[in-house]
Amino acid sequence: MAPLEKADLLQGTLDLLILKVVALGPVHGYGISQRIRQISDEVLQVQQGSLYPALHRLEKRGLIAADWGESEKGRQARFYRLSSKGRKQLAAEEETWNRLSKAVSLILQTVP
Amino acid sequence: MKNDPRNPGARQSIDPEIAHHIDLITEDFIARGLSPEEARRRALVEFGGREQIRQSVRAIHTSVIAEAVAFHLKAAWRFLRKSPGFSIAVILTLALGIGANSAVFSAIDAVILRPLPYPGGDRLTVIYQHDIQSRDANRFVAPQRLEDWNRLNSTFSGISGYYTDDLSELSGPLPEKVTEALVAPRFLQVLGVSPVLGRDFTPEEERFKGPDAILISYGFWQRRFHGDPEALGKRLHVGSFYNTIVGVMPRDFHYPNRDVDLWAVSAPDAPFAQKRTETWFTVIGRMKPGIQLKQAQADLSRVQIQLGRQYARPDNELSVEIVPMKQTVIGAVGSSLWLLYGSVSLLLLIACSNIAALLLARTAEREHEISIRFSLGASRRTIIVQLLAEVLGLTLLGAVAGLAVDAAAIRGFHLLARTLPRAEEIALNWRIALYSLAAAVATTLLCGLVPAMRGTRRGLAQVIAQGSRAQVSTRRPLQWTLVGVQVALAVTLLIGSGLLLRSLQELSRVSPGFDPSHVLTLQVSGSWGETSDIKGVVQRVDRTLDGLRTLPGVVDAATTDEIPGASWAYPFEYKIDGHDNIDRRVLADTRTASSGYFNVLGIPLLAGEPCREASTTNDLVVNRSFANLYFGARSPVGHLLKPATDPFQGQIRGVVGDAREQGLNTLPTPTVYVCVSAPNPFPNYLIRTQGDPAQMADTIRRRIHDLEPARSVYAIMPLTDHLADAALENRLRTMLLTLFAATAVSLACIGLYGTLSYLGRLRQREVGVRLALGAMRSEIVKRFLLQGLGAAAIGCALGIALGVGLSRYLKGMLYGVTALDPITYSGVVGIILVVAALASLIPSLRASQIEPVRVLRQE
């Protein structure tokens, strides 16, 4: 599958993806973009220009927290993890997303 | 610090995070077999715009508004720097405009708007009594009635009162004149003020024959004791009493007036204070919280009616009037201040429209820049905000510079303390700074909004397509409207100042009916307590007068109760020869005159004889107006006059000429002079000298000291100074308004000049073409000139309409001219048209001095 353009991502979807990836365990910015790409089978490619503003926005809203720590290669990196507020937000957004995609699928399945 | 990744304060800095990310991508590329340099380059490319990320992350962490403000202000600063001449001109104009405006506002704020400097000052009132029948305004109240009011009312938390004596303090090496306020009990409680040092009077001290006690003013404390706290407990010898100092009042406490040095008790239980017909106190009262003036008025009127039933005369003939204390303090100066405020506001408006015209021209020249901004994706709103931010930068700088103007003006106000009440309270404070800021914002909107809307109105495609200025409309109706507005406002101010100037001119032509030159005035200390032996006072004053008359260089000397030419009217109602006034009331201003009075003032004797030296006060002299109005062709000499409400009766001995003794701007009214040398214990002495009266002051002071060693001489000044003081407010008002009007006219001229010059530049090509086609230069000058004059004429017409509407606010300040004085109006029209023609001529000439070839070659 060809990668989707950034504009094709639904508004708010990036936040959901980030929260989901961060929920898997503390991870730095590069790691987040890699994981999104890998998990989505290279369909979703997050631009750094969107990723870092999104991370900082989420941090400011208190959904994720960040700490400086040592990366696997012994370098200083900023690791993001989910806060408890972020966990609730993630659950809520997953729920919303599932309902939305189910609804959209239903509509698309209707035979004319 | 900022680069330390562990520092939580560095959270905003995204740089290390970006660096780490790029490192990892680089490693990916190296792993795929690229050289480290190539890998790094590819990584940078793949990562994309770092600056953009930095900015958007920073935007997340900083407040959006603060960011925008900083951005716009930065841009505005660049704009100001780019054209310093324009910026400085605008800033100076605004500094004057906003500065003058906030200076007058600071006076209005301190004098009119702010409550009196006493706690709960808006609840303080002054309470007057009026004689119901004669409407005589004998405002002073008997101590017993004051105590009754205080006891029986339910709306005041306290009522007190005062009167003042000018006395000598004798404990120093020389007698010093002091002003002593004699106060009823509760005086300081009612005002809500306590001494800074020592204490208020005790209830024992407020009783007759109680322990003697006196409070001194801060100024007296500094003057006599150099601020030594040991002053408490010292004894002063004031008049014929010894008093122990118990307290020092705060520095800014000046009630009832600035001159008061001492406060002592006037006990209501003194045997001499029992008569209900006595007139002593000016009464002050503090209303209870939440009580309105009307309620207090109703309450106290009820109390007075009750007293009328209880005591009959005189209480049943009295009514009560309550006036806010602030009103009595401000007096008539309020209308002058509002007039000035209106004028400086008009001036600011003129400055605004002037600047708006300048900005219009500038935004028009910046059309290209604006269209580029549009094409780069800026919204119209962003561009308008940016244009307004540029103006705000100018107005803010103007307002700050205006504060300097403000500070200078406030110092000027302080110098006027003698005529301007509460002048010492005028100060540069946060209220004024806030007001200036508000004025800056309002000014920004006024001068910036229209040019900004206008400049961003056209579609960007059009403007870019035009590419050159050739197609810019040259009619510019908005610009001419602004010129018209400036001229109109300037004309309005010019009319106001013209009317005031004409009044001053008329006043200077007036013959006062007396000769104030070569007359020295002074007072000698005395006490109201001396009135128990009025014969003794008369003898003392006559002795002093005789001593003065024998002094070489003195022509004559006299006394009176009020300074002629600088005093109020005291209208009394009279009965002539005991007849009741059936068809009309006989009203006359009543003043006192000693022997020599008419001689000193040069008032001519028309019939009978002037006042003579006598211990009886039955002689009266009337003026010509009185004689004409009430006696017609008959001679009034020999007839009897009796005040309608007084047992006293006198006989008219003579008739004198009319004199403007109530003030030079007041026509002489029928006047009765009561011949007495000592109307009170400290009458005004009037001494006619042969030479300069000021030079005689020392000689005269020494002579009086020889005659009365225990008394002090004060308020020595030439009579002409009194007259100048009385006219000061008027003169100052006129001067300031004239200054404002002149400024307004120059601003309007600059506006006219600037607009025509600008249009001249815009129409260079058109003029060039016309000239090339054979038009005469004079034809072109005429066209420009007529355009400028046309705008000025329309503005002039509007300004006159506005002036007619507004000049009625001047009515009380005019003398000898009506608010619609044709000379003033035609003079203003003449001035404006001449000045407008001059202002238009230069740019019109310049517009026609174009080399057609040069202009056409530019195409």
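Trainee: Is the crossing of α16(B) and α24(B) left-handed or right-handed?

Mentor: The model before us is predicted. In it, α16(B) and α24(B) cross in the right-handed sense. Helix α16 of chain B covers residues 477–509, and helix α24 of chain B covers residues 822–848. Their axes come within 9 Å, and the angle at which they cross is roughly 135°.

From α16(B) come V487(B), V491(B), L494(B), I495(B), G498(B), L499(B) and R502(B). Facing them in α24(B) are I823(B), T824(B), Y825(B), G827(B), V828(B), I831(B), I832(B) and A836(B). Sorted by class, this contact holds eleven nonpolar, three polar and one charged residues.

Helix α1 (residues 13–23) and helix α4 (residues 84–109) of chain A pack at an angle of about 125°, and their axes are 10 Å apart. These two helices, α1(A) and α4(A), are therefore oblique to each other. Here α1(A) passes α4(A) in a left-handed crossing. On the α1(A) side the contact is made by L16(A), L19(A), K20(A) and A23(A), and on the α4(A) side by G86(A), Q89(A), L90(A), E93(A) and W97(A). By class, the residues of this contact are five nonpolar, two polar and two charged.

Let us return to chain B and turn to a sheet. Four strands of chain B form an open sheet in the order β12-β20-β11-β21, with antiparallel pairing. The edges are taken by β12 (554–560) and β21 (713–718) of chain B; each has a single partner strand, so one side of each is left without a neighbour in the sheet. From one strand to the next, the twist averages 20°. Strand β11 (residues 519–524) of chain B is joined to β21(B) by four bridges, and the two run antiparallel. In one of these strands, β21(B), V713(B) is the bridge partner of V524(B). Helix α21 (residues 719–762) of chain B packs on the sheet, where it touches β11, β20 (684–689) and β21 of chain B. The direction of α21(B) makes about 80° with that of β21(B).

V855(B) lies in helix α25 (residues 852–858) of chain B. It counts as partly exposed because it has 17 C-beta neighbours inside 10 Å. Beyond its neighbours within four places in sequence, V855(B) is in contact with Q764(B), R765(B), G768(B) and I850(B). The C-alpha atoms of V855(B) and V767(B) are separated by 9.0 Å, although these residues stand 88 residues apart along the chain.

Finally, consider how the two chains meet. In this model 16 residues of chain A are in contact with 17 residues of chain B. On the side of chain A that touches chain B, α2 (29–39), α3 (48–60) and β2 (76–82) each supply at least two residues. The most is given by α3(A), with seven residues. That side of chain A divides into five nonpolar, seven polar and four charged residues.

Key: Residues are numbered from 1 along each chain as its sequence is written. Chains are lettered from A and ligands numbered from 1 in the order in which they are written. This is a predicted model: local features need pLDDT of at least 70, side-chain atom pairs count only at pLDDT 80 or more; totals for chains, interfaces and linings use all residues. Two residues are in contact if their C-beta atoms, placed from the backbone, lie within 7 Å. Ala, Val, Leu, Ile, Met, Phe, Trp, Tyr, Cys and Pro count as nonpolar, Asp, Glu, Lys and Arg as charged, and the others, Gly among them, as polar. A residue is buried if 20 or more other C-beta atoms lie within 10 Å of its own, exposed if 12 or fewer, and partly exposed in between; C-beta atoms are placed from the backbone. Two strands pair if DSSP finds at least two bridges between them. Axes are lines fitted to C-alpha atoms, for helices over the stretch in contact, and angles run from 0 to 180 degrees between N-to-C directions. Angles under 35 degrees count as roughly parallel, over 145 as roughly antiparallel, 65 to 115 as roughly perpendicular and the rest as oblique. A crossing is left-handed if the near helix is turned anticlockwise from the far one by less than a right angle, and right-handed if clockwise.
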